[in-house]
Amino acid sequence: MDDKYIAHFSENKERIQSIKEHADGVALLAEQFADAFGYGEWGFCAGILHDIGKYSTAFQRRIQGENIRVDHSTAGAQVCWEKGGLYLGLSYCIAGHHAGLPDTGEKSDSSESATMYGRQKRKVEDFRAYMKEMEIPVLTKMPFLSMVKEKNTFVLGLFIRMIFSCLVDADFLDTENFMNGESVRDPGESMEVLCGKLHSVTENWIHNDNLETINGRRSHILRSCLEKSKNTRGIFRLTVPTGGGKTIASLAFALEHAREHHMDRIIYVIPYTSIIEQNAGVFRDILGERNVLENHCNVEYDGGEEFHPMQLAAENWDKPVVVTTNVQFFESFFSNKSSKCRKLHNVANSVVVFDEVQMLPNDYLKPCVEIMEELVRYYRSSVVLCTATQPALKTIFSNDILATELCPSPEEQFLFFKRVSLKNKGMLTLEELTGMLTAEKQVLCILNTKKMAARVFREVREKIKDMPTGKNVYHLSTSLYPKHRKRVLEQVRKHLLEKEPCIVIATSLIEAGVDLDFQTVYRQLAGVDSMIQAAGRCNREGNRKPDESFTYIFQLEDSGRVPGQEQQIAVAKQVIRDQEDISSLEAIQEYFELLYHYRGDSLDRKNILGQFHKNRFPFAKVNDEFRMMEEGTRAVFIPREDSAGKLLDELNWSGITKSWIRKAGQYCVNIYERDFNILYRAGVLSVLSDKVKSDIMLLNNMDYYLDDTGLVLETEKGMALFS
């Protein structure tokens, strides 16, 4: 034991793992991961060299218990940097395998700097003993080079990030396996098995060819997806109207395409957690619990905090079907952190389905599209752009990237599935709008802001007080914590099902992933895609004729500006003037083409792509700048229910854990920093617990949470005094 250079002790100190054993284990895993995109030798080399700094006498003293700090990551980075050529890229991976990928920096950077130039000047402990046990592997294969010269550095930067992902995941897994004595992970079942499970669900109706029925049309779309699953890898579009069976059709294509091309997994990327929960539930019912990873902030897995297989899989997406958010997916691709980048190599050789793709943020659209393009071009992945309102991404992809449509005759499908007539009401006063709403039996009204939704709700509620027959009126927005919203939705569904009068005033959160069927919908003017999504809540089940079911588009006097939506609204006004039916494929195409044209360079507002140039890699800088949720939010815990109170007791007894945070999310309202400051100055927010430090704050005055509209914000209840 004494002659071994030690990398790790087991927790009970009875077993050791030598540096050589660890390096070999990491190298083999990283090689396997990088083989998914053809660069196994790079993964192997990174694994061999990543920990050679541990061969120093100082590190060996530290691991034996001496209280000293030792930088072991810089050693391998310096070796690769000095070797130069192909090894330069590996120097970033090794330098950052704990602290995160560094920026290139400047030649003048001092040794105190975290940049690569700074790292090269850093004095490290003598680690040359590594030469007794290992040799530097030979690299022969050049990294990818873009067909477009100015993209070369971005392409190389993504390649470095993918090798980094292979290294850090292999490092975590090898260490985890040593500590546990075995692997505690469950990778799920094969694509062959999953295809069989889907077939058993669809076999009874897939051959329905009666195109005069809804089920016949859905089967027609499904069969087209299955036929085209044999196409070579690439970019696909699935443009399916509401009611066309998009979820099952996209899953069928992805599974069969993955089986056909020996791909490893399917990743669904979705904008809203409500859609994620809905789709993941469908996938689990078909494919089984162990095969579907639902990865977002609201999900809770039962079992042990550390070793639950699903919780472990969330770290690196090692499941056959992964369902996640736009934010999680793209922020990981532009991150420099080992914890976020760890999963990236598992996106290679996968089918990536972007559901409701029109919801990608315009401020970062070009960087997001560039990631899609790189995945298809260099990482053996296929991409599916899935929506009823297909954005005009052809204008942003490179000219040689062509998308294949999976839906047969989309124009014909849209005509068949048309369930609603859209009418323009023009400008309305608040009085006119509330009068129209109270005259309806079952109606949904969607406003652009929480403030206006709360105001319209109060006005409608006041009006129905004097009506001879009562009506149920509800408010839905993110001012209600998730568990509260779910209860309101259950009540609304009950009224709709039992044909009882029901008025719902909501924000756009209701437009996607919420299966409600109203007789009439009113939608304040917004982007064309948002208005069409709103129309999808009207006559959703197709029980009425389109000319008997109306979605009314309106503008509202004195409603104020809508931050971040002014350009979408301006373009939508133009499309309304040009097109008779704004829900037509032609109108949707015109809307997105105009919007992208007017946005121009602001489709990459922070010049994320342009920062990668002349072999300079701003990994840390871009990590800080790429934020799909631009304005910071703070979570406020609402202790309104007994179950929330029990969570607070649990916090005081057990401390804060990942499991506790996920449970607490069901009782939290996320608010912007400006609203947080108002509430904080009003004295209604306090720390969760004197015993536990947390970023989540506690609402300590329940007068500021109303049963109908939720958390009181801004100038309500005299709070203007504090602003």
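Reply: Strand β3 (residues 235-239) pairs in the parallel sense with strand β9 (residues 403-405), over three bridges. Two strands count as paired if DSSP finds at least two bridges between them. Strands are DSSP runs of E with at least two residues, helices are runs of H or I with at least four residues, and both are numbered from the N terminus. The model is predicted, so local features need pLDDT of at least 70 and side-chain atom pairs count only at pLDDT 80 or more, while totals for chains, interfaces and linings use all residues. Residues are numbered from 1 along each chain as its sequence is written, and side-chain values use heavy atoms, with hydrogens and water left out.

Four of the five residues of β3 are buried, and the strand is mostly covered. Buried means under 20% relative accessible area, exposed over 50%, and partly exposed in between, with a 1.4 Å probe and protein chains only.

Strand β13 (residues 502-506) has five of its five residues buried, so the rest of the structure largely encloses it. Cys502, Val504 and Ala506 point one way from β13, Ile503 and Ile505 point the other way, and all are buried. Strand β11 (residues 442-446) pairs with β13 in the parallel sense over five bridges, and Cys445 has Ile505 as its bridge partner there. Strand β12 (residues 472-476) likewise pairs with β13 in the parallel sense, over five bridges, with Ile503 as the bridge partner of Val473. β12, helix α19 (residues 482-497) and β13 form a right-handed β-α-β unit: with the strands pointing away from the viewer, the path from the first strand over the helix to the second runs clockwise.

As to the packing, the largest nonpolar core has 170 residues, of which Phe37, Phe329 and Phe637 touch the most other members. Helix α7 (residues 152-180) gives the most to this core, with 14 residues. Such a core is a set of buried Ala, Val, Leu, Ile, Met, Phe, Trp, Tyr and Cys residues joined through side-chain atoms within 4.5 Å. Not counting residues up to four places away in sequence, Phe329 touches Ile267, Val269, Trp317, Thr324, Val347, Val352, Phe354, Ile371 and Leu375, contact being heavy atoms within 4.5 Å.
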